[in-house]
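Biologist: I have a model open and would like to go through it with you. Can we take it piece by piece?

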Amino acid sequence: MGYVFALACLVWVFHDVHPRRVLAQLTIREWAFLVPAVFFDILTYVFQGMRWSLLLRPTGRLSWFRGTQAIYAGLFTNEVLPLRVGEGVRAFLASRWINAPFRSVLPSMLVERLLDALCLLLAVAWAAIVAPLPKLLSTAGDVLGVIVLAGTAVFVLVVLRSRDADDPEHTSAIGRFVREMASGLRQIGLSRSIWVAFLFSAGLLLCQGLASWFMMRAFGLRLPLTAGFVVLFIIRLGTAIPNAPANVGTFQFFAVLGLSIYGIDKTTATAFSIVDFLVLTVPLWTLGLFAIFASGFSLRSLRTQAALQSS
């Protein structure tokens, strides 16, 4: 289904656009803006590594450098394999480096997703105020709001609930897994680091928005700073669900859709979506491949180990 949706997005993106005009615009017009675009994009994942190291403290000590390395290894895996199996890869690496069970790392990743969703919800609400979002995206934002509020309520209940006094040895394997997950979430929720982690989550979106705007300027689009954030938030909202590797198709679709709000013609928007994707993805591929190589594992072995641990 993810591949079919990605293909449908690509068909829509390249429908009614002249190939030669698109090819003619595949260029960088203002190179001075390219360096800060790449810098802020990389800083995004450094912040994510720092955030993850904070959330993992109840489980073990993982340096921000190791956390960033595991994240890049997972991102590279997601770029070449479907269904975001890179999440399992980075969890496996972190569990090895802090000498902890694989499942003990999972609560921190769940909290990461919740914090990201909360920040994205706030960002989409802001975008709806400063720009006329399409009705479909507004509906998607409403759905996201319901999911985030429900997830936040569950998280708060788990954190505030007292520990179960039952002997975990007398429960099923699923029951023990749920108990361990709840315990991990409770430890994170009661720690002060979760508030710092929330600030890092906001910093992630800030860096990505700046990278998006600098890419617009490098491409030659003289749009206001808010446009970089609005388009970025639309792309993040549209690619939130698992789809084809590297978000090919969906990234281009939602980038074109976001730029249409600011009156950018479809041909120019399509060319920008390709340039933006390539410029910000090549450094990710490079650093991700290096992160896997430095881990001492191959991509195949990481994928196998992550699958074994997940099962």
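Biologist: Is cysteine 9 buried or exposed?

Modeller: Cysteine 9 is buried, with a relative accessible area of 3%. Buried means under 20% relative accessible area, exposed over 50%, and partly exposed in between, with a 1.4 Å probe and protein chains only. Keep in mind that this is a predicted model, where local features need pLDDT of at least 70, side-chain atom pairs count only at pLDDT 80 or more, and totals for chains, interfaces and linings use all residues. Residues are numbered from 1 along each chain as its sequence is written, and side-chain values use heavy atoms, with hydrogens and water left out.

Biologist: How many disulfides are there?

Modeller: The count is zero disulfides, taking a disulfide as a pair of cysteine sulfur atoms within 2.5 Å. Cysteine 119 is in no disulfide, and the nearest cysteine sulfur, that of cysteine 207, is 12 Å away. Cysteine 119 counts as buried at 7% relative accessibility.

Biologist: Change of topic. How many helices and strands does the chain have?

Modeller: The protein chain has 13 helices and zero strands. Helices (H or I, at least four residues) and strands (E, at least two) are DSSP runs, numbered from the N terminus.

Biologist: Which helix should I look at for burial?

Modeller: Helix 11 (residues 250-260) is mostly covered, with ten of its eleven residues buried. Among them are Phe251, Phe253, Phe254 and Leu257. The buried residues of helix 11 pack against helix 1 (2-14), helix 7 (135-160), helix 9, helix 10 (225-238) and helix 12 (266-295).

Biologist: Helix 9, then. What does leucine 204 touch?

Modeller: Leucine 204 lies in helix 9 (residues 193-219). Leaving out residues up to four places away in sequence, leucine 204 touches Thr44, Phe47, Gln48, Arg51 and Asp116. A contact means heavy atoms within 4.5 Å. Leucine 204 is buried, at a relative accessible area of 7%. The C-alpha atoms of leucine 204 and aspartate 41 are separated by 9.0 Å, although the two are 163 residues apart along the chain.

Biologist: Asp116 is on that list. What salt bridge is aspartate 116 in?

Modeller: The side chains of aspartate 116 and arginine 113 meet in a salt bridge, at 2.9 Å from N to O. A salt bridge here is a side-chain nitrogen of Lys or Arg within 4 Å of a carboxyl oxygen of Asp or Glu. Both residues lie in helix 6, three residues apart, about one turn of the helix. Aspartate 116 counts as buried at 13% relative accessibility, whereas arginine 113 is partly exposed at 35%. Salt bridges that share partners join Arg51, Glu87, Arg90, Glu112, Arg113 and Asp116 into one network.

Biologist: How far apart are the N and O atoms for glutamate 112 and arginine 90?

Modeller: That salt bridge is 2.6 Å, N to O. The pair links distant parts of the chain, with glutamate 112 in helix 6 and arginine 90 in helix 5 (residues 86-97), 22 residues apart. Glutamate 112 is buried, and so is arginine 90.

Biologist: How many salt bridges in total?

Modeller: The count comes to eight salt bridges. One of these joins glutamate 30 and arginine 222, with the closest N and O atoms 3.2 Å apart. Glutamate 30 lies in the loop between helix 2 (19-24) and helix 3 (34-55), and arginine 222 in the loop between helix 9 and helix 10, so the pair ties together parts that are 192 residues apart in sequence. Arginine 222 is exposed, with a relative accessible area of 62%.
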